[in-house]
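Please look at the sequence and the three-dimensional structure shown below. The paragraphs that follow lead through selected places in it, one after another.

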Protein chains: 2
Amino acid sequence: MYGFSEFSVYAENPIEEEDVVAERLEMQGKKILKLNRGDPAVYFPTMKYMIDAYVKALREGKTRYSDFAGIRPLREAVAARYRRLYGTNVDAEDIVITNGVSEALMFINSVLINKGDKAVFFRPYYPLYIPDLKINGGNPIIERYSEERNWEVDTDSLERSIRKDLKAKKRLKYLVITNPNNPTGTVLEPNALRELVEIAKNHDMVLISDEIYDEITFNGAKYTSVSKLAEGIPHIILNGASKDFDATGFRIGFTIIPGKDNVSKELRRRIAEYAKLRLCVNTPAQYAVAEGISNVSEHNKGIRKLVAEIERRINFAAKRINESQYMSVVQPRGAYYLFPRLDMKAMKFKDDREFVDKLLKEKDVQLTRGSGFGEPGHIRIVGLPPKDILETALNRIEDFCKAHSR
Amino acid sequence: MYGFSEFSVYAENPIEEEDVVAERLEMQGKKILKLNRGDPAVYFPTMKYMIDAYVKALREGKTRYSDFAGIRPLREAVAARYRRLYGTNVDAEDIVITNGVSEALMFINSVLINKGDKAVFFRPYYPLYIPDLKINGGNPIIERYSEERNWEVDTDSLERSIRKDLKAKKRLKYLVITNPNNPTGTVLEPNALRELVEIAKNHDMVLISDEIYDEITFNGAKYTSVSKLAEGIPHIILNGASKDFDATGFRIGFTIIPGKDNVSKELRRRIAEYAKLRLCVNTPAQYAVAEGISNVSEHNKGIRKLVAEIERRINFAAKRINESQYMSVVQPRGAYYLFPRLDMKAMKFKDDREFVDKLLKEKDVQLTRGSGFGEPGHIRIVGLPPKDILETALNRIEDFCKAHSR
């Protein structure tokens, strides 16, 4: 009998939801300023030494299936990087290479979630965490970061919500943190991380830390990977080549499960079985990323320049936003997004969705609505474009706000 | 509370299940003849014109996110190929590029299957169809190809099973055919395909045709894609670059849903939403495959040589197998596998699993057990290696059978 699965309706990606409208406008000859997708490779070319390694792999015939968990040189490079940067107790056997972090999320949810299970997120959250949970029949528990306190995590409030609902407690499977944060740019302090580890431990939740922007911190932020603090409790570290290595189109993610406990062991085993079902990840790209990580001096040259440039662009944009009477933003210290609060009372919009809809149609600027991140009344602006494009976009946004002011 | 999902135990891949043992033997200095993985790129280099296109894309900076459905030139090339080869009524909008066919299977099962739903397969089946169904809570209905009649499909028996269980009928979601077949090498005749289309239509099942080996046919077989015959009913054609284009490590699959009916429309829409969740497929590889398909004359030169060589190797191996008193095989006409029946009564093995286990340990030859394909008492041999390796492996298998004969 024809019909579709109950949970498949939950597949949705707010970051791309305006793409159809944008494409239509482009076909009418308009030039859209796209500040919706966080793709560094659009503005900064992927480094030549990585491209060279990719080409070398292709010329050497590395075009066949590789190991389901990823080629060993890449897994060893990822482990060595975490040991070197954060002192993490991890080796190649703890790592599965995935088709980006996205595939890791699919595997993790399918491995952990039964219908009715729950997982904890903080809003604003990266939107693509939620659909994979719901597709597997799970439900999110959404806690808040505190915008008043620079989007810091409120662990007391989290503890209270968990204790309030003892029945839900039994169904709690995992807790996700994104550090540095997308969309707010917050970098979590060691104390907050310690509290989160404690909560995950107390409530037998797997701690999942998405660290895809870990080398992109600035404005004096000092980065701590939770992998060092979480030793002894089951946790999963997600990372990849897309952001730190400026290679979004390679689709290479790292799923790291360093724990020596039985839950971690079983997690590793089941995720490996899922990885076998799709045979392997693009083989030559893995060689490129292995070189990308292993050649530390080349990488450091590139990432320093990249981060310095991102810092300039983000700070320029943040200053302009905070000069507006319609918006205000907490200064980001990592990643490359700005997540301003809109003064909705000062403007005639029903909600943030109407704001981004109209902005695209009237001003040819594509953003993402805050409600897509679980935080209505906000917008996400990608801060990667050069200053002149950012300036043009911000001027248009300001004009737009004025034109729709009360 | 720590714990794993009910259905995640169903993730398993019998083709790789001996890899750990094989790796251990290799570490002891043994050289394993691996006839378990169907990877043409191990024996035949991917064609240079495709590598050149891949390198060109990398040098041109095509390292960023691409469209969730795949780059337009690739989708257009896939559509044009089906129109040219089979007269299929299809265009670029009907196609989603996936991380191999494997990812397509994950999407399809998650989109179609509710707990308790059913899908129909014929045994022997490609093993990786089943786990994704079960992970989503579905159950397979396994019909038989008839080995006595050269592994032809028995549609009468299929009709009887469906009619027998009217309650199950309401839960039937899809019917899968693999043409050319892995592991038997059967190429389905137009009449059989017409009957299958009729059954899918009568019972409102989505027809799924895995055509990944469609250009690898020989021994006089004439290939028919069901896409021409299935016009008007909801169906999905799966294909990709791995086999016909000898590029397994690229991980580029094609999911083709050409129907103009409402079920097909909704299928396309929901699969697109899943594709958005993982952003995109490796970008530069898509350019390589777009060129791989579009440059028909280069491709034809390559595929003709490849198929001629495969035909020689398969026929050599089939002849040797049929000379054995312990095995017999139906002559393959497509793909590159041999699926011999073992004369279990003539040998002292409990089952085919024990056969492949001991063969690996005693003779350093790795095969896959027939029970992994739903067909006990058989083995699958990959017929891709050069004649001398095939001969060595077949000699060892023959010695092994003799040594264990009753």
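**A guided reading of the model**

In chain B, the loop between strand S8 (235–240) and strand S9 (253–256) holds B:Asp246. Helices (H or I, at least four residues) and strands (E, at least two) are DSSP runs, numbered from the N terminus. The model is a predicted one, in which local features need pLDDT of at least 70 and side-chain atom pairs count only at pLDDT 80 or more, while totals for chains, interfaces and linings use all residues. Residues are numbered from 1 along each chain as its sequence is written, chains are lettered from A and ligands numbered from 1 in the order in which they are written, and side-chain values use heavy atoms, with hydrogens and water left out.

B:Asp246 has a phi near 55°, a positive value in a residue other than glycine. Its relative accessible area is 7%, so B:Asp246 is buried. Here buried means under 20% relative accessible area, exposed means over 50%, and partly exposed lies in between (1.4 Å probe, protein chains only). In chain A, A:Ala335 also calls for attention: this residue is not a glycine, yet its phi is positive, at about 55°. A:Ala335 belongs to the loop between strand S10 (327–328) and strand S11 (337–338) of chain A. With a relative accessible area of 0%, A:Ala335 is buried.

B:Thr178 is part of strand S6 (residues 172–178) of chain B. B:Thr178 counts as buried because its relative accessibility is 6%. Which residues does B:Thr178 contact, leaving aside its neighbours within four places in sequence? They are B:Tyr129, B:Tyr145 and B:Asp210, where contact means heavy atoms within 4.5 Å. The side chains of B:Thr178 and B:Tyr129 are also joined by a polar contact of 2.9 Å. A polar contact is a pair of N or O atoms within 3.5 Å; within protein, one must be able to donate a hydrogen and the other to accept it, and residues adjacent in sequence count only if both atoms are side-chain atoms. B:Thr178 and B:Phe122 are 56 residues apart in sequence, and their C-alpha atoms are 8.9 Å apart in space.

The loop between S6 and helix H8 (190–202) of chain B contains B:Pro180. The peptide bond that joins B:Asn179 and B:Pro180 is cis, with omega about 0°. B:Pro183 is also found in the loop between S6 and H8 of chain B, and a cis peptide bond with omega of about 20° joins B:Asn182 and B:Pro183.

Pairs of helices can be described by their axes, which are lines fitted to C-alpha atoms, for helices over the stretch in contact, with angles that run from 0 to 180 degrees between N-to-C directions. In chain B, the axes of helix H12 (residues 296–323) and helix H14 (residues 387–403) come within 10 Å and cross at roughly 20°. H12(B) is therefore roughly parallel to H14(B). Angles under 35 degrees count as roughly parallel, over 145 as roughly antiparallel, 65 to 115 as roughly perpendicular and the rest as oblique. In this pair, B:Arg313, B:Phe316, B:Ala317, B:Arg320 and B:Ile321 of H12(B) meet B:Lys387, B:Leu390, B:Glu391, B:Leu394 and B:Asn395 of H14(B).

In chain A, helix H4 (residues 100–112) and helix H10 (residues 262–277) have axes that come within 10 Å and cross at roughly 120°. H4(A) and H10(A) are therefore oblique to each other. Among the residues that make the contact are A:Phe107 and A:Ile108 of H4(A) and A:Leu267 and A:Arg270 of H10(A).

A:Asn99 lies in the loop between strand S2 (95–98) and H4 of chain A. Is A:Asn99 buried or exposed? A:Asn99 is buried, because its relative accessible area is 6%. Not counting residues up to four places away in sequence, A:Asn99 touches A:Arg251, A:Arg278, A:Val281 and, in chain B, B:Asn99.

The last topic is the nonpolar core, a set of buried Ala, Val, Leu, Ile, Met, Phe, Trp, Tyr and Cys residues joined through side-chain atoms within 4.5 Å. The largest nonpolar core has 281 residues, of which A:Phe250, A:Phe355, B:Phe250 and B:Phe355 touch the most other members. Beyond residues up to four places away in sequence, A:Phe355 touches A:Leu342, A:Met347, A:Phe349, A:Ile379, A:Ile397, A:Phe400 and A:Cys401.
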